Amino acid sequence: QVQLVESGGGLVQPGGSLRLSCAASGSIFSINAMGWYRQAPGKQRELVAAITSGGSTNYADSVKGRFTISRDNAKNTVYLQMNSLKPEDTAVYYCNADIQRSRWSSRAYWGQGTQLTVSS
């Protein structure tokens, strides 16, 4: 069994910063790409940022220059550092990881979500 557990959400003022963490645990052979998605009320879930096992990253245009994704492979953890936060960043943020439980197959796992609210 594999679990992704997120932490770090909360309420922050516009212009503020916050860091999200997501730790994977359980029967894990290896982890490929990891990423963060978000879903605002009434909107579809969208990719925010992703990082490969080798450290290559990509970002949604709306967060480029403000958010930074990173990972600690030894800890099976991915982070999202969010700076210069805007009210439109308000959403539930979900961690996603492509995890191999054996050498031969992988599948996507999701965290339970953590709420970020940007408001004065």
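**Close-up views of a predicted model**

View 1. With a relative accessibility of 25%, N76 counts as partly exposed, because the buried class ends under 20% and the exposed class begins over 50%. Everything shown here comes from a predicted model. Look for N76 in the loop between β7 and β8. These two strands form a hairpin with four residues between them. Now check the backbone: N76 has a positive phi of about 50°, although N76 is not a glycine.

**View 2. Strand β8 and its two partners.** Strand β8 covers residues 77–82, and five of its six residues are buried. What runs alongside this strand? One partner is strand β7 (residues 67–72), which runs antiparallel to β8 and is joined to it by six bridges. To find your place along this pairing, pick out F67, which stands opposite M82 in β8. Strand β3 also runs antiparallel to β8, again with six bridges joining the two. Here a handy landmark is A23, standing opposite T77 in β8.

View 3. S84 is found in the loop between β8 and β9. Its phi is near 50°, a positive value in a residue other than glycine. Is S84 buried, exposed or partly exposed? At 41% relative accessibility, S84 counts as partly exposed.

**View 4. The disulfide of C22 and C95.** How many disulfides does a search of the whole structure find? There is one, formed by C22 and C95, with their sulfur atoms 2.1 Å apart. The link has an angle of -80° about the S-S bond, and it is left-handed. C22 belongs to strand β3 (residues 18–26) and C95 to strand β9 (residues 91–100), and the pair links distant parts of the chain, 73 residues apart.

**View 5. An edge-to-face pair of rings.** The count of aromatic pairs comes to one. Why is the pair of Y37 and W110 called edge-to-face? The ring centres are 5.0 Å apart and the planes meet at 65°, and an angle over 60 degrees puts a pair in the edge-to-face group. Y37 sits in strand β4 (residues 30–39) and W110 in strand β10 (residues 106–110), so the pair ties together parts that are 73 residues apart in sequence. Y37 is partly exposed, with a relative accessible area of 24%, and W110 is partly exposed too, at 39%.

**View 6. Two arginines over tyrosine rings.** First find R45, which lies over the face of Y94 at 3.7 Å from the ring centre. Then move to R107, whose charged end sits over the ring of Y109, 3.9 Å from its centre.

View 7. T114 has its place in strand β11 (residues 114–118). At 12% relative accessibility T114 counts as buried, because this value falls under the 20% limit. Which residues does T114 touch, leaving aside those up to four places away in sequence? They are E6, G9, L20, A91, V92 and Y93. Take a second look at G9: the side chain of T114 reaches the backbone nitrogen of G9 at 3.3 Å.

How values were computed. Residues are numbered from 1 along each chain as its sequence is written. This is a predicted model: local features need pLDDT of at least 70, side-chain atom pairs count only at pLDDT 80 or more; totals for chains, interfaces and linings use all residues. Side-chain values use heavy atoms; hydrogens and water are left out. Buried means under 20% relative accessible area, exposed over 50%, partly exposed in between (1.4 Å probe, protein chains only). A polar contact is a pair of N or O atoms within 3.5 Å; within protein, one must be able to donate a hydrogen and the other to accept it, and residues adjacent in sequence count only if both atoms are side-chain atoms. Contact means heavy atoms within 4.5 Å. Rings of Phe, Tyr and Trp (its six-membered ring) pair if their centres lie within 6.5 Å; planes under 30 degrees apart count as stacked, over 60 as edge-to-face and the rest as tilted. A charge sits over a ring if NZ of Lys or CZ of Arg is within 6 Å of the ring centre and within 35 degrees of the ring normal. A disulfide is a pair of cysteine sulfur atoms within 2.5 Å. Two strands pair if DSSP finds at least two bridges between them.
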